[in-house]
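Here is a friendly guide to the structure shown next. Keep the view open while you read.

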Amino acid sequence: MLLNIAEDFELTLIGIIVLLFIGIALLFSWFFLSANTRHIAQKWEGVVPTLLGLPAILFSLTVALLASSIWDDYSMANKSVRNEALGLATIIDLAQTIPSLKDSTLVHNAKTYTQSIIDDEWKTLSAHGQPAESTKRHFEELRSSTFQAINSLNNNAESKALMHAVEIVNDSRKARLSFVSFNVHPIRWYAIIVLAVLALLTVALIHPAKPKPLLIAMGISTITLLIPICTLALTLSSPYVGVISISYDPLLSVLR
């Protein structure tokens with residue numbers, strides 16, 4: 001559910017996160033600066049030295065681990081698109097250079113499949129989408145014609161190169177379809193938000209009797225916390241959609 005919300009309302013989600021942390025920062029600032037509550041905050045000042053670094057350190061570690069997991073998947077998805085384009089380009093090159101394959105349908109099938117990925121299947125690559133049936137059909141046609149060409153080449157070097165190319169396309173397609181979402185468990189996001197709130201609280205505890213330094217510190221801290229959180233939120237749903245998304249440009253080179 002969280003993935004679908006992030007994908008369909010990505011910028012709205014970012015706006016909610018920004019407003020949430022601005023509101024929390026203002027609430028802490030009001031509590032620590034208000035004449036009615038300042039005396040309560042000043043009683044907590046002695047606790048700060050032992051707790052100051054802990055929420056910030058845990059927040060940094062949690063964000064780093066989550067970012068590493070997400071960007072590893074992002075890199076694998078991007079690699080799968082590039083490898084699929086490479087395999088398709090190899091099939092086309094072999095079909096155009098091997099004399100016995102010049103009259104085959106390999107070039108047409110490869111380009112039709114590539115065009116179908118861009119026009120039909122790419123928009124289905126999402127957290128709640130399915131592979132396009134038309135693209136799947138074109139892929140089966142490409143694979144069938146490729147195997148027919150391989151059989152006609154009598155196990156020579158060209159046939160092995162063609163087999164290797166179709167295996168690359170097949171494996172890359174499977175990988176591309178498997179990375180439709182990052183599968184980030186919501187608990188990991190809840191932990192990041194809680195740690196970020198605790199980090200803001202420790203910043204406020206440092207300046208209970210210093211209004212201007214408190215406001216400056218809260219502003220800088222809020223912006224600092226929002227940058228990694230919002231960046232991760234932009235990649236929460238799927239590597240193929242959103243502001244930060246993988247492009248199908250490598251596949252366009254196959255059609256040229």
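## Where H5 meets H10

Phe59, Val63, Leu66, Ala67 and Ile70 in H5 meet Leu225, Pro228, Ile229 and Leu232 in H10. Contact here means heavy atoms within 4.5 Å. Helices are DSSP runs of H or I with at least four residues, strands are runs of E with at least two, and both are numbered from the N terminus. By class, the residues of this contact divide into nine nonpolar, no polar and no charged. In this scheme Ala, Val, Leu, Ile, Met, Phe, Trp, Tyr, Cys and Pro count as nonpolar, Asp, Glu, Lys and Arg as charged, and the others, Gly among them, as polar.

The axes of H5 and H10 come within 11 Å and cross at roughly 25°. Axes are lines fitted to C-alpha atoms, for helices over the stretch in contact, and angles run from 0 to 180 degrees between N-to-C directions. H5 and H10 are therefore roughly parallel to each other. Angles under 35 degrees count as roughly parallel, over 145 as roughly antiparallel, 65 to 115 as roughly perpendicular and the rest as oblique. The H5 and H10 crossing is left-handed; that is the term if the near helix is turned anticlockwise from the far one by less than a right angle, with right-handed used if clockwise.

## About the model

This is a predicted model, in which local features need pLDDT of at least 70 and side-chain atom pairs count only at pLDDT 80 or more, while totals for chains, interfaces and linings use all residues. Residues are numbered from 1 along each chain as its sequence is written, and side-chain values use heavy atoms, with hydrogens and water left out.

The protein chain has eleven helices and zero strands. Of its 256 residues, 43% are buried, where buried means under 20% relative accessible area, exposed over 50% and partly exposed in between (1.4 Å probe, protein chains only). Among contacts between residues at least 6 apart in sequence, 79% join residues at least 24 apart.

Helix H9 (residues 186-206) and helix H10 (residues 211-233) pack at an angle of about 165°, with their axes 9 Å apart. That makes H9 roughly antiparallel to H10. H9 passes H10 in a right-handed crossing. Residues of this contact include Trp189, Ile192 and Ala196 of H9 and Leu225, Ile229 and Leu232 of H10. The H9 and H10 contact residues divide into 14 nonpolar, two polar and no charged.

H2 and H10 pack at about 160°, and their axes are 10 Å apart. H2 and H10 are therefore roughly antiparallel to each other, and H2 passes H10 in a right-handed crossing. Among the residues in contact are Glu10, Ile17 and Phe21 of H2, together with Leu214, Met218 and Ile229 of H10. By class, the contact of H2 with H10 has 17 nonpolar, two polar and one charged residues.

## The nonpolar cores

Which residues touch the most other members of the largest nonpolar core? Of its 34 residues, these are Ile17, Phe59, Met218, Ile229 and Leu232. Helices H2 (10-33), H5 (53-97), H9 and H10 each give two or more residues to this core. A nonpolar core is a set of buried Ala, Val, Leu, Ile, Met, Phe, Trp, Tyr and Cys residues joined through side-chain atoms within 4.5 Å. A second, separate core of 33 residues includes Leu106, Leu142, Ile150 and Val169.

Leaving aside neighbours within four places in sequence, Phe59 is in contact with Ile192, Leu195, Ala196, Leu225, Pro228 and Ile229. Leu232 lies in helix H10 and is buried, with a relative accessible area of 4%. Not counting residues up to four places away in sequence, Leu232 touches Val63, Leu66, Ala67, Ile70, Trp189 and Ile192.

## Two other buried residues

Phe179 sits in the loop between helix H8 (157-178) and H9. Is Phe179 buried or exposed? Phe179 is buried, with a relative accessible area of 16%. Not counting residues up to four places away in sequence, Phe179 touches Asp73, Met76, Ala77, Pro239 and Tyr240. Phe179 and Ser238 are 59 residues apart in sequence and 7.7 Å apart in space, C-alpha to C-alpha.

His138 is found in helix H7 (residues 133-152). His138 is buried too, with a relative accessible area of 17%. Leaving aside neighbours within four places in sequence, His138 is in contact with Thr112, Tyr113 and Ser116.
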